[in-house]
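Please read the following note alongside the sequence and the model.

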Amino acid sequence: MSDAFTAQLDSSSLTAVLHHAGGELARRHEALWQAVWRQKHVPAPVLELCRLRLAQLHGAVHELEAPPPRDARERLDAAKSRSVITGSWVRESCLSPAERSALEFAEVYGQDPQAITDELAAAVKEHFGDAGLVALIEALGVIDGRIRLAMMLGALLPREENHE
Amino acid sequence: MSEGLRAGTPGRATGHVIRDSSLGLVPETLQPILDLQDAIWHRASVGPAIMEMLRLRNARTVNCVFCKSVRYDIARADGLTEDKVEQIDDGFSHSTLSEREKLVLAFADLYLRTPDRVDPALAARLRREFTPEQIAHMAIGLTTCHALSRCAVSLGGMPESLPVMEMPVPA
């Protein structure tokens, strides 16, 4: 493979690669990425825990090592992130019931959305409301998609500096 | 699968299929989704027929009944016939689709099934056939269709089947 093509990216470094090749579509895709982290129904630190879990499910090593999106950094609890990365969140009580409901939903979403149950959805709604359930589902879709693109586009799109 | 929709809808109907759906409960993301959809279908460098092939390959993989039933009118106008649509299945590599169309579906399967394992030979063929802009646009279109179809499945209320319906892209 040519040196112009990178190995796997992460959802942060993906932005530059997509912007260089994708123009207006990439700008609008980025706007949606920013919007899912800034909506008011599910806190960004909760979504960050979900991002880490989805990255694990994909085996996306670069994604797990990537810095959290800017809007998730401020109120982030490193111990909670660690518990997701190590898998200890399942048996420990470090996560709030609200965080746990989102993570349990993400766990099933990441493997097969057809397997999501009404009970999983009801648990999310209990903490975040109907709008929160929709916001969580949208965010999981965008995050999951960014992880997939980051893993594959390094082999298909040249890095920005190689065009200059 | 849930028989009922798992989230409510906005109280006030506007007549817009997406604004009136559960997605209308989250105004912060609604407009970015609509803006992105508009760009994908009206500005992408690959054209609506190829984008529709990606969308339908995704729909059949995710098994979103809504997405599978829809045919966007601009894709049909761009040359995507039902004969071609019928070949967007697991046997597409042996179909009568063109080599370019087969590559489009291979790109979709890479994203949908093995994004962590890019076959160098497939990568080389994709880079020969498509410009970086076209690859980026196919990637953005596919990832958006994928997120929206998984959203529809996750929200529940999916019927067992629906007839094929031609419609315009929601503006």
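What volume does the largest pocket have?

1. The largest pocket has a volume of about 730 Å³. The structure is a predicted model, in which local features need pLDDT of at least 70 and side-chain atom pairs count only at pLDDT 80 or more, while totals for chains, interfaces and linings use all residues. Residues are numbered from 1 along each chain as its sequence is written, chains are lettered from A and ligands numbered from 1 in the order in which they are written, and side-chain values use heavy atoms, leaving out hydrogens and water.

2. The lining of the largest pocket consists of 28 residues, and Ile18(B), Phe66(B), Cys67(B), Leu148(B) and Ala152(B) lie nearest its centre. A pocket here is an open set of points on a 1 Å grid over the protein atoms alone, with protein on both sides within 12 Å along at least five of seven lines; a cavity is a set where a 1.4 Å probe fits but cannot get out, and lining residues have an atom within 4 Å of a point. Points are joined across faces, edges and corners, and a volume is the space filled by probe spheres set on them.

3. Helix α8(B) gives the largest share of the pocket lining, six residues. By type, the lining holds 19 nonpolar residues, eight polar and one charged. In this scheme Ala, Val, Leu, Ile, Met, Phe, Trp, Tyr, Cys and Pro count as nonpolar, Asp, Glu, Lys and Arg as charged, and the others, Gly among them, as polar.

4. One cavity of 30 Å³ or more is found in the whole structure. The largest cavity has a volume of about 130 Å³. Its lining has 14 residues, with Leu32(A), Gly141(A), Val142(A), Thr144(B) and Ala147(B) nearest the centre. At least two lining residues come from each of α1 (14-38) and α7 (118-153) of chain A and α1 (27-43) and α8 (132-155) of chain B. Helices are DSSP runs (H or I, at least four residues), as strands are (E, at least two), numbered from the N terminus.

5. Between chain B and chain A, 49 residues of chain B are in contact (heavy atoms within 4.5 Å) with 48 residues of chain A. The two chains bury about 4,200 Å², 67% of it on carbon and sulfur atoms; this is the accessible area (1.4 Å probe) lost on being put together, summed over both parts.

6. The structure holds 23 salt bridges over all chains, each a side-chain nitrogen of Lys or Arg within 4 Å of a carboxyl oxygen of Asp or Glu. Two salt bridges are found across the interface of chain B and chain A. Arg28(A) and Asp38(B) form a salt bridge at 3.7 Å, N to O. Within helix α1 of chain A, Arg27(A) and Glu24(A) lie three residues apart, about one turn, and form a salt bridge at 3.2 Å.
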